Amino acid sequence: MSVIVPTTLAEALAALADSPSATVVAGGTDVMVEVNFGHRSVSDVVMVNRVAELRTWRRDADVLHLGAGVTWSEIEASPIAEWVPALAQAARTVGSPQIRHAGTVGGNLGTCSPAGDGLPVLAALDAVVHLASADSTRSLSFAEYMVGPKRTARRPGELITGVTLPIVDGWQGYSKVGVRNAMVIATASVALVVDAGSVRLALGSVGPTILRCPEAEVFAANNVDFTSRVASSEVVAQFAELARAAARPIDDHRSTAVYRRHAVGVLASRLLRRAFPNE
Amino acid sequence: MTVTTPAPNPARFIRADGPDKVTGSGRYTADLTLTGMLAAKFKYAGIAHGRITRLDTTAAKAIPGVFAVLTQADVPNVRFGPFVQDRTLFADGVVRFEAEIVAAVAAVDAATAQRAVDAIVVEYELLPVVNDPETALAADAPLVHTDWASYGASGALVRERNDASFSSIAKGDVERGMAEAAVVVRSRYDADGCHAAPIEPRAIVAQWEGDKVTIWTSTQVPYDARAGVCETLELPANRVRIIVPHLGGGFGGKCGFHFEAHIAALAKAARRPVRLLFSRREEFLAPDKRRESICYDFETGVSSDGRIVARRVTLVLDNGAYTADAGFFSQLGAMHALGPYRIPNLLAEAHLAYTNHQPSGSVRAPTAPQTCWALESHTDEVARAIGMDPVAFRQLNAVDTGLEGPTGQIYGEIGVQECIERAARMAGYGQQLPDDEAIGVAIGWWPSFAVPSGAYVKIDGDGSAQIITGAQECGTGSVMTLPQLAADELGMSAADFQLVYQDTSVAPYDMGATGSQTLFNNGRAVIAAAAQIAQQLRALAADHLEADPADIVLADGQAFVAGTPGRAVPIATLAGIAAGGELLIGHGSGMPPGPPPISGSTCVGDAGMAAWVAPQFSCHAVRVKLDRDTGVARIMHVAAAHDSGTIINPLGAEGQVQGGVLMGIGQALTEGTGYDNEAHQRTAGLLDYKLQTCADAPPIDIHFVQINTPNAGPRGAKGLAEAPNVATAAAIANAIAQLVGAPVRQLPMTAERVWDTLQEVAQNTIGGAA
């Protein structure tokens, strides 16, 4: 087993070129749990937590670029929290303060669990995921990137370098149901983004991937008043119903499919009501 | 009734082990390293029930770096167990739960030991899995122990096939009582099992020197651990020394005798020290300590003026694969199902059913929180059925000073009524609340355990003192309270005393950090030991001051003549004199208070739980906010009133209540252990078994109803470690039931279960309207 600790992006990509199937570790908050539970055996490791290029963010006009190594504790604080408040809300529900100091947005994307707290927000914002290898780079929409539960379009030898998000004017929010107030995996989670006459809805923990809800989104866009922020209770109820219909939950030891389907409807209706507070 | 309130002890002392633990300098068992030490690993069954048809350790033994591989063939053929001798150290040819130990390995490191474990070949003939305690009691159910009848067992136990302990309590004529009742309410409740989940997974190190073995182990009960090693490895007690480094929590899960003998046997075979470190998963699966799941069928009859006239209740407890210390749980569970109520006609029947689950055992207040939850939910149903306020119903029916409990024990001065009044007041019971909030109230009780216990006290020539005690510390701070008792007896300060404990070869016997008994019994022992030295000091001072020993007063570090404070000598000076002569050494145990009499009831399978010494009472009132859309309950405020007699260490006592309440919230809402169809635990890890965190902790207001209780512990103290864990889940349930419109009949009351109940209520309402 080798552990490589590069300090530049070029070194990191070179290390991955040498060992394309190496385990990439940033904060280690997902990988080490799997290792400790014996669910993952690690051979070669590339640590990316000291790669300065990955740990920075920048804002270009209405686009926010987050390096893959930006931590949840950075995202939950100003100024990022003002630009993407839904992502900050999600960040605040990630683990404990210690985990938020170590865990990164790139790690959330790398693991790509349907219960990953940041992922519904990235999906609802139509985030773009940037990948690089020693000889090329490419960018994928979130929908192209996440292909299944803990399965992504990342190829051997590729590194997640960052994610770009639009900074939108409209309301956005994130909500989840879990069994306690901290350090909890979502039973169901929902992100909602309002932007330029559109409503975007993404569901977590209720399907093999993060699920967007095109029918609910179109229905909402056609039936709310964006300027006066009005949505009738019938519209809110129907929106919740369409969110439930879009969910594809399962029964497991954490919850039941029936409850999860119900819960995303509740969360979707509450988020829509917050976005459109007037009846 | 009158409640005397002694002046509270002003000392709010900080525990002596705190700085060590907070700074990281304290040593836990897992921190120990001995020269040449090997790592131990167990081979577990992995299946819930099967007969071993092949067990081959040849390949494992051949792996370089493996020093010992043991199975049941390598240890004395001893069947052990405190109530039923139904267990062997290693599987005796049959495995009866998924974490049954089939073999143990000692190797140079943990990875090599694990490779050896994986190389052990075991083949099984699968046997039918007994996965449900109620069906386990059926006459044609497969037996968990085909040889149950031949096992040695405590004579008090009534056993039959898969029922390891049947117990009943009867009084009056329950049939007639029910027939004469104005209203009879029947309820069914089911409580899942749950776990102690201490922060420190257990660790054991064993080292032999000649024919003596020293075992460092994370146990709450060092003498019990020693007894287990002596019994299973056939050794006299004076050749087994148990030492407990700092213990990282226990909550009952580290009571009993666990794996000390396995590690001692490995160390002997390997001729090297051996260390076992449990993973979190092992900590969930392997110990014979899991809070028992219980199902309940209640039937209570009340008169038109709201008095309980009859109760019939049946309990089925999940014993798991082996009986461990759960032998008295059926009677204890029956007592809790009757509760601290006055009931003229009653019949409680409890069964302890063998299953192919992890064995059940003492987790903080065994049988009590789940049974209180079921009983008190039922009690609110009864109160509602006759249109009475639940608090008024309890005030009318609860036991009280001079009145008779369910088994006919007459209580001395007790504070249950004041607990109800205080908790209700602290919670603001009766106040106008938002539509999504309600206050639930529940009362609970718990015995104090009067058992033998010993301590030594000595004062050296420089006047510094030591308490050498068998008492064990599991994080409660109770041992830290002992210096205060010795100091008061000797007119010294608590800071003058250092504690020596955690070593069975140094100190006299104590039952350990179990049964809320440390201060109750070891406090008595320390006072008795200190009293011997006080006697010596008075004689020495009388000589020194030329006075009558009866006139000598010990206070403020001095001995002086009563009424003449000027005629004084420092105790340190007397200690210096004694160092040249008779030495200041005291030893004490004192006599434990005897059980109170009972009359008028009949107990079958009497395990000694029908009469309670110094019973503790509590009332918790909890304000809950419920999200009716999702079923998520949020605990807004907890009021906890306790009668635990005199409070000696207020800081420690408050900590116990806060911790007990938080544990109760976990049991109420999130902590439950389910089994899949093959009897594997589904949530054997902290990722899926959710304990409460600081972010979940509500404000907790505490009141102690202090009664200088006779026939109790030192200064009229009762126990307090387990009582705070009894009534919280029940109070939460009664708040949720008000908000939902019906009780949630399964514990824990997860959001899913609350939401299911809300759906049922909605359907019934619609159905009723149609």
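## Close-up views of two meeting surfaces

**View 1. Polar contacts link domain 1 and domain 2 of chain B.** Between these two domains, 11 residue pairs are in polar contact, with both residues of each pair at pLDDT 80 or more. A polar contact here is a pair of N or O atoms within 3.5 Å; within protein, one must be able to donate a hydrogen and the other to accept it, and residues adjacent in sequence count only if both atoms are side-chain atoms. Helices are DSSP runs (H or I, at least four residues), numbered from the N terminus.

Before moving on, a word on the model: it is predicted, so local features need pLDDT of at least 70 and side-chain atom pairs count only at pLDDT 80 or more, while totals for chains, interfaces and linings use all residues. Residues are numbered from 1 along each chain as its sequence is written, chains are lettered from A and ligands numbered from 1 in the order in which they are written, and side-chain values use heavy atoms, leaving out hydrogens and water.

**View 2. Domain 1 of chain B meets domain 2 of chain B.** Domain 1 covers 18–127 + 199–249 + 255–285, and domain 2 covers 294–449 + 597–767; these bounds come from an automatic or database domain assignment. Here 18 residues of domain 1 are in contact with 24 residues of domain 2, contact meaning heavy atoms within 4.5 Å. The two domains bury about 1,700 Å² between them, and carbon and sulfur atoms give 60% of that. Buried area is the accessible area (1.4 Å probe) that two parts lose on being put together, summed over both. Look for B:Phe83, B:Asp86 and B:Phe284, which lose the most area on the domain 1 side, together 35% of what that side buries.

**View 3. Chain A meets chain B.** Which residues of chain A lose the most area to chain B? They are A:Arg180, A:His253 and A:Tyr259, together 34% of what that side buries. The two chains bury about 1,800 Å², 58% of it on carbon and sulfur atoms.

**View 4. A salt bridge joins A:Arg270 and B:Asp627.** Their side chains meet at 2.6 Å, N to O. Helix α12 (residues 257–275) gives the most to the chain A side, with five residues.

Notes: A salt bridge is a side-chain nitrogen of Lys or Arg within 4 Å of a carboxyl oxygen of Asp or Glu. Helices (H or I, at least four residues) and strands (E, at least two) are DSSP runs, numbered from the N terminus.
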